[in-house]
Amino acid sequence: MPAPKRRDRAPDLRDAVKAAVDAMDWLTDSDQALKALALRQAEEIEKVIERADQLSDLRRDLSDDMSALKRLKALEAMCDVTKTVGWLGPQLQGVLRDLGGTPAARKAMKGDKPIGGRLAQLRADAREHDS
């Protein structure tokens, strides 16, 4: 019986997010904190996937040691990939959206300037009123 084929792993999110934010040529120095946040969130998502792989290997190695299995279960609770991706995924999407990195955000951009938000709208309204 042939061995089952391994599935290809999804691309590394760290690389994909870095490439995406590096391609956002409209970002300014004031966007660096959000850029760093997006990179950090991608890092945390990838780290939990790596921890889950290590956890699986460890579970297999310690299957006969009940004390180690107890400690392993505690660690396992901290390595829940679905929970981490479910929590950080939407946050990462929001950060990328705020940077103009989603199709809807880019569509709403005027020319090559990101959306200004409520404060920018208030300032524009004030300028119009003063004119």
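Predicted model: local features only at pLDDT ≥ 70, side-chain atom pairs only at ≥ 80, totals over all residues.
Let me begin with arginine 60, which counts as exposed because its relative accessibility is 54%, where exposed means over 50% relative accessible area, buried means under 20%, and partly exposed is what lies in between, with a 1.4 Å probe and protein chains only. Residues are numbered from 1 along each chain as its sequence is written, and side-chain values use heavy atoms, with hydrogens and water left out.

What does arginine 60 form a salt bridge with? The partner is aspartate 57, and the closest N and O atoms of the two are 2.6 Å apart, a salt bridge being a side-chain nitrogen of Lys or Arg within 4 Å of a carboxyl oxygen of Asp or Glu. Aspartate 57 and arginine 60 are separated by about one helical turn, because they are 3 residues apart in helix H2, and here helices are DSSP runs of H or I with at least four residues, while strands are runs of E with at least two, numbered from the N terminus. Aspartate 57, at 38% relative accessibility, counts as partly exposed.

Arginine 40 is partly exposed at a relative accessible area of 48%, and glutamate 44 is partly exposed at 21%.

Turning to helix H1, which covers residues 13–22, we find aspartate 22 in a salt bridge with lysine 18, with 2.7 Å between the closest N and O atoms. Aspartate 22 is partly exposed at 42% relative accessibility, and lysine 18 is partly exposed at 43%. A search of the whole structure finds 9 salt bridges, and Asp12, Arg14, Glu43 and Glu50 are linked in a network of them.

Now to how the helices pack. The axes of helix H2, residues 32–61, and helix H3, residues 66–77, come within 10 Å and cross at roughly 165°, where axes are lines fitted to C-alpha atoms, for helices over the stretch in contact, and angles run from 0 to 180 degrees between N-to-C directions. That makes H2 roughly antiparallel to H3, a label for angles over 145 degrees, while those under 35 count as roughly parallel, 65 to 115 as roughly perpendicular and the rest as oblique. The contact, meaning heavy atoms within 4.5 Å, is made by Leu55, Leu58 and Arg59 of H2 and by Leu69, Leu72, Leu75 and Glu76 of H3.

Finally, lysine 47 lies in helix H2 and is partly exposed at 25% relative accessibility. The C-alpha atoms of lysine 47 and cysteine 79 are separated by 9.1 Å, although the two residues are 32 apart along the chain.
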